[in-house]
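Hello,

Here is the structure for your files.

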Amino acid sequence: MNPSPEKPSHRYQVVIVGGGPSGLLLGSLLHGAGIDALIVEARSPDYVLGRIRAGVLEQGTVDVLTQAGADARLRSEGLPHDGFALCVDGEVLRIDLKSLTGGKTVTVYGQTEVTRDLMDQRRRFGAASVYEAADVAIGDIDTPHPFVTFVKDGVTHRVSCDIVVGCDGFHGVSRRTVADKGLETFERTYPFGWLGVLADVPPCSHELIYVAHERGFALCSMRSPHRSRYYVQCDLNDDAKNWSDDRFWDELRRRVGPAVADNIVTGPSLEKSIAPLRSFVAEPLRFGRLFLVGDAAHIVPPTGAKGLNLAVSDVHYLGSALREFFLERSSAGIDHYSARALNRIWKAERFSWSMTTLLHRFDSYTPFEQRMQRAEFALLQSSQPARAVMAENYVGLPL
C-alpha cells in the first residue's frame with residue numbers, strides 16, 4: 001500500500017479499479033478537482049506500459065488530456081493528421097478530414113505514451129496508486145459505502161469509499177461483480193485477427209492507409225516519424241511465431257499494391273502479435289455506487305481507431321458527473337452517466353463495425369455481400385456527403 005501523504009488511512013472518496021489510461025486519466029481529472037481517489041491495479045507499471053495499443057487520438061481526446069494537464073509531450077511529439085486513405089482493390093480514395101469536418105483533425109500519438117504521461121503526472125502529484133494488487137474484490141455497491149479489498153505483499157487491505165469505478169478492462173473484476181445484477185451484453189466476434197508488427201522504420205506514408213484486398217485487410221500506420229506500425233488480416237487461430245519478418249513484409253507489400261509497396265522500408269520487428277476483433281457493449285454502466293468505464297464496458301474492432309477515444313469519452317462524462325456529486329452535492333450527473341455514455345458508445349460501435357465490414361475479407365460472404373462492399377466504396381468515391389459522414393465519425397462525434 002502506498003497511500004498519498006494527505007490520506008494515510010484506508011478511506012477515499014473514489015477507488016478506481018484499473019491503472020490503464022482510462023483509470024489514470026480519471027484519477028488526474030479528479031485530483032484537479034480536489035477529489036481524493038485511489039487507483040488499484042492488478043499488474044505492474046512495466047506490464048501496463050508494455051501493452052501495445054492504437055494511437056489515433058480524436059480532437060475530443062486531445063481536449064480532455066489538455067484539461068487534465070497531461071498534454072505537454074503530446075503537443076510536441078504528436079503527429080496531426082488532416083486525412084487518411086482508403087485503398088480498395090487498388091483504387092485509392094483520400095478522406096480529407098479537415099475540409100470535410102470544418103477544420104477538425106486527429107493526432108497520432110501512441111496509447112503507451114499517453115499512459116506514460118499520465119503515470120508520470122500521477123507520480124508528480126504524489127497521488128495514491130497500488131500496483132500488483134492481488135485478489136481484488138468489490139463489495140456493498142448497493143449501499144452509500146462500498147469498499148474494495150485486495151492483497152498486497154501478503155497483507156489484505158479493505159478500502160472504504162463513496163464511489164467505485166471499474167476501469168479494469170474486458171477481463172477485470174468490475175463487470176464480473178455485476179454479472180448477476182441485470183447486466184445485459186451485446187457481442188459480435190469476427191472470424192479473423194490482425195497480425196501487427198512494430199518496427200523502427202520510417203512510415204511509408206505521412207497519413208494512415210486502410211487497405212481492402214482479395215487476400216485480406218492491411219493497415220499502414222505509425223507511432224512517430226521513425227517508428228511504424230503495420231497490420232495484416234490473418235486467421236484467428238494463427239500464431240505470430242509462424243510469421244517471420246520476411247514473410248510479413250512480403251505479404252504486406254502484396255496487399256498494399258506497387259505504389260505503396262515501393263515506399264515501405266523494412267526492418268526487424270520490435271513486437272509482433274495477433275489481436276482478435278470483437279464488438280461488445282454492456283448495459284447499463286451503473287450499478288448502485290459502481291460505474292463501468294472503457295474496456296470494462298465496451299470493446300470495438302480497431303478498424304475505426306475508437307477504443308481509447310471511447311474510453312476517454314466515458315471518463316469525460318463520469319469525471320464531470322463526479323465533480324457534480326462531490327462538489328455540488330448533486331446526483332444528476334451520475335444518474336445520467338450510463339445513458340449519456342451509451343448514446344455515444346453505440347454510435348462509435350456502428351462506425352467501427354461499418355469500417356470493419358467494408359475493408360475486411362469475410363470467407364462467409366456471398367457474391368451479393370461482396371458486391372455490397374464494392375458498392376459502399378463506390379458511394380464514398382462519388383458522394384461528398386458520404387465522405388463527410390465517414391470523416392465526422394473518424395475525427396470523433398462531439399463529447
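The notes below cover cysteines, nonpolar cores and aromatic rings.

This is a predicted model, in which local features need pLDDT of at least 70 and side-chain atom pairs pLDDT 80 or more, while totals for chains, interfaces and linings use all residues. Residues are numbered from 1 along each chain as its sequence is written, and side-chain values use heavy atoms, without hydrogens or water.

Cysteines: taking a disulfide as two cysteine sulfur atoms within 2.5 Å, the count is zero. The closest cysteine sulfur to that of Cys 204 belongs to Cys 220, and at 3.8 Å it is too far for a bond. Cys 220 is buried at 2% relative accessibility (buried: under 20% relative accessible area, 1.4 Å probe, protein chains only).

Cores: a nonpolar core joins buried Ala, Val, Leu, Ile, Met, Phe, Trp, Tyr and Cys residues through side-chain atoms within 4.5 Å. The largest has 76 residues, and Leu 322 is among those touching the most other members. Another core, of 37 residues, lies apart from it and includes Phe 84 and Phe 217.

Rings: there are 14 aromatic pairs (Phe, Tyr or six-membered Trp ring centres within 6.5 Å; planes under 30 degrees apart are stacked, over 60 edge-to-face, the rest tilted). Tyr 230 and Trp 249 are edge-to-face, with 5.5 Å between centres and 80° between planes. Phe 362 and Tyr 365 are stacked, at 4.5 Å and 10°, and both are buried.

Regards

Definitions and conventions
Buried means under 20% relative accessible area, exposed over 50%, partly exposed in between (1.4 Å probe, protein chains only).
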